[in-house]
Amino acid sequence: MNKLVITQKDNFIYSFLLNEKNRATELQVTPVQDTSLLGNIYVGFVENIVKNINAAFLRITDEDIAYCSSSERCNFLFGRHSSSPNLAQGDRVLVQVERDPVKTKQASVTGKLKLTGKYLILLHDCPGIKFSGKLNKTQEARILQILSGQDVSSYGFIVRTNAAEASEEQILKEAVRLSDFYRELCKSGVACKKGTVLYRHLPEYAEFLRDLPQDSLSEVYTDHEEIYRVLTEQYCMFWPEDRDKIHFYNDQALSMTALYNLEKIIREATDQKVYLNSGASLIIEPTETLTVIDVNTGKAVNGRKEKDETFYKINLEAATEAMRQIRLRNLSGMILIDFINMESEQKEQELIHFVKMLAKEDRVSVSVIDMTGLKLLELTRRRTKKPLHEVLYS
């Protein structure tokens, strides 16, 4: 069973997931003064339409302008000044931030609102019930029966993987809570002035806890009083079933950061070179457009015969660690892995299959493409948040 540890050190909050061997498998780092707008819902006012780049610019706060595609096909909520399905100057609509501002680029917003729970995601303007691809047909049939009494004609639900282990009461309770909150958004948004925030996302560490596979999470520990308060009050108000998992660590003799060796976890997730048990190593080089991971044999093959079999075993070990590092560092976009070349085409195909199996363990969508002509394994990983090196060092 996995364990989640949340602590604050210097100017960051660290949330790391440990497996049964106390080895970190996921790491999230958030500045204490979190300025992320991701997931927030605003009453936006369309100030300008720039047709040649197909862009609408909306005022979402006194300080913030956001970008939205002016041709987004969506049943926008509230004051439209045009019968056209496209946004027009002067429109006052509800929008949700789907990408934080990056350097000179404004935040990106959409009129397709999304309310995320632990078991369900409510989708505005997307009627019906859809399912996570990781649920099987039996699980889908059970949950569809549970939700059969819900009106999903004007909005819909995506059933998350966590729902597989949830009780009927938990699923129904969340469906009602999300539906009630959605209707309240629609009602209150009419009376609010432009630039009003109608919904603010949970702290990132609480969202991290919410989104973890609950059937494999046994305990949550924090040594920070405010984090403990938010989790036991704000978070457990919606998911009381997690209350018994949350513990406050208060050992004066040994700090929690020392107990779980936080410094080592950070070092493992930021060093350019990562050593493997076999003596081989990984060199991880993130750039602005892609990440390259190079597998070096090091001392792993000195004096050994049957090199192809040895290379294959090193590549399997390297693949396991590379996919772990991708999760720890939250790398995204195009990723190229330069494995050790093998003469056997069968071994190469087995390696690709192994990486695809590892990719399924990632909660973020990963597509394993194929070997390139230069024998580099190409894969892509969806960008959800900033990679770790940008959070820590930008």
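Which residues does Leu-4 touch, not counting residues up to four places away in sequence? In this predicted model, Leu-4 touches Ser-15, Phe-16, Leu-17, Phe-208, Leu-209, Leu-212, Leu-217, Glu-219, Val-220 and Tyr-221.

**Nonpolar cores**
- The largest nonpolar core comprises 46 residues, and Leu-4, Leu-120 and Leu-231 have the most contacts inside it.
- Helix H2 (residues 168–191) supplies the largest share of this core, five residues.
- A second, separate core has 31 residues, including Leu-276, Leu-282, Val-366 and Val-368.
- In soluble globular proteins, nonpolar side chains tend to be buried together.

**Packing of H3 and H4**
- Helix H3 (residues 204–211) packs against helix H4 (residues 225–235) at an angle of about 55°, and their axes are 10 Å apart.
- This angle makes H3 oblique to H4, and the crossing of the two helices is right-handed.
- H3 contributes Tyr-205, Ala-206, Leu-209 and Arg-210 to the contact, while H4 contributes Glu-226, Ile-227, Val-230, Leu-231 and Tyr-235.
- Of the residues in this contact, seven are nonpolar, two are charged and none is polar.

**Positive phi values**
- Most residues other than glycine have a negative phi.
- Asn-261 has a positive phi, near 55°, and lies in the loop between helix H5 (256–259) and helix H6 (262–268).
- With a relative accessible area of 39%, Asn-261 is partly exposed.
- Lys-375 has a positive phi, near 65°, and is found in the loop between strand S20 (366–371) and strand S21 (377–381).
- Lys-375 counts as partly exposed, at 37% relative accessibility.

Methods. Residues numbered from 1 in each chain as written. Predicted model: local features only at pLDDT ≥ 70, side-chain atom pairs only at ≥ 80, totals over all residues. Heavy atoms only, no water. Axes fitted to C-alpha atoms, helices over the stretch in contact; angles between N-to-C directions. Helix = DSSP H or I, 4+ residues; strand = E, 2+ residues; numbered from the N terminus. Parallel < 35°, antiparallel > 145°, perpendicular 65-115°, else oblique. Left-handed = near helix turned anticlockwise from the far one by under 90°. Contact = heavy atoms within 4.5 Å. Nonpolar A, V, L, I, M, F, W, Y, C, P; charged D, E, K, R; others polar. Core = buried A, V, L, I, M, F, W, Y, C linked by side-chain atoms within 4.5 Å. Buried < 20%, exposed > 50% of the residue type's maximum accessible area, 1.4 Å probe, protein only.
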